[in-house]
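Student: I have a structure open and want to know what the labels on it rest on. Can we go through them one at a time?

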Amino acid sequence: MKSYRKLLTLGTALAATVLLAACQTNGSKTAASSTSDSQAKQELVKKDHLGHEVTIPGQPKRIIGSYLEDYLVALDEKPVAQWTVGGGSLQNYLQDKLKDVPTINYDLPYEKVLEYEPDLLLIGDDSAVEGGKYEEYSKIAPTYVVKNGADVTWQDKLKDIASILQKDDKATEVLKTYDSLVEDTKSQLQDKIKGKSVAVLWVTNNSAFMVADNRSSGDLLYNQLGFSVPNLTKEISASATSDWSAVSLEKLAQLDADYLILVNSDTGAAMFNDQIWQNIPAVKNGHLWEFSPEHSWLYNGPIAYTKMIEDVSAKLK
């Protein structure tokens with residue numbers, strides 16, 4: 001009987017030891033998993049577009065990326081402040097995601113930046129940090145100048161921003177979805193795009209500006225969707241130094257585009273009543289597609305381009 005009790009006690013102790021070991025093993029795995037998750041996004045040091053070595057937080061929570069909100073939203077990031085001009089102009093096409101986000105003026109005043117207590121500042125253009133501004137911003141938070149310039153596409157910017165946020169997989173997903181949309185749109189609307197030309201005008205303060213053939217919506221329409229480039233657009237593009245170039249009403253008389261996309265920021269512009277405007281073939285033939293500034297035609301980024309494609313599809317279907 002004593003032997004039985006000793007055996008039972010030994011068995012119970014052994015079972016308890018095995019159970020404890022199992023719990024410790026599972027606990028170790030959980031701890032290892034937790035440690036792995038926390039280490040998955042450790043801070044990193046990366047050179048920005050201007051060559052600054054920037055230490056990026058592993059998981060920044062308070063990002064300001066003025067005029068880069070399109071990219072942040074596409075990467076499932078919500079900035080603590082969003083771009084505005086004088087508190088009035090907003091990127092309206094993003095407001096379903098940013099409606100509760102307060103604004104900061106486009107020139108990023110130091111005192112306003114300080115108020116938002118960012119843990120990461122993303123700068124979209126070299127000129128924004130000229131005159132010692134970079135040094136001042138970097139005292140507030142790690143400041144990273146994103147790839148920019150005439151030869152930098154929105155795809156390049158997206159990848160750069162994703163790399164410092166350690167969201168490369170998300171960027172790949174966004175780009176794959178976008179490329180599929182382009183291919184599907186070209187396939188579905190091939191008979192309405194092939195051989196047809198289009199131009200894009202932005203009218204503001206009774207002045208017209210035409211988009212260049214390799215920039216912004218010009219890149220989308222001509223290089224991606226396959227529309228033909230009107231002769232006047234080719235001429236304007238040859239000397240273009242920015243997305244939009246001024247074009248006179250007299251020049252517009254030469255516009256031979258099949259379709260004309262108008263981004264209208266001046267609905268009461270006198271030029272719309274001029275005979276020259278009314279005799280532009282696309283206007284005369286009822287092929288004028290008018291969009292308000294609330295649409296995305298003045299902007300760049302994966303969401304802006306996606307919405308432009310949706311606009312074109314809606315007009316041609």
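Tutor: Start with contacts. Leaving aside neighbours within four places in sequence, Ser217 is in contact with Val200, Val211, Trp297, Tyr305 and Met308. Contact means heavy atoms within 4.5 Å. This is a predicted model: local features need pLDDT of at least 70, side-chain atom pairs count only at pLDDT 80 or more, and totals for chains, interfaces and linings use all residues. Residues are numbered from 1 along each chain as its sequence is written, and side-chain values use heavy atoms, with hydrogens and water left out.

Student: Why does Ser217 count as buried?

Tutor: Buried means under 20% relative accessible area, exposed over 50%, partly exposed in between (1.4 Å probe, protein chains only). Ser217 has 0% relative accessibility, so it counts as buried. Ser217 is found in helix α9 (residues 216–224); helices are DSSP runs (H or I, at least four residues), numbered from the N terminus.

Student: What makes helix α6 mostly covered?

Tutor: Nine of the eleven residues in α6 (residues 154–164) are buried. Among them are Trp154, Leu158 and Ile161. Gln166 follows α6, with a positive phi near 55°.

Student: Which element gives the most to the lining of the second largest pocket?

Tutor: α7, with six residues. A pocket is an open set of points on a 1 Å grid over the protein atoms alone, where a 1.4 Å probe fits, with protein on both sides within 12 Å along at least five of seven lines; lining residues have an atom within 4 Å of a point. The lining includes Lys170, Glu173 and Pro302.

Note on methods: Helix = DSSP H or I, 4+ residues; strand = E, 2+ residues; numbered from the N terminus.
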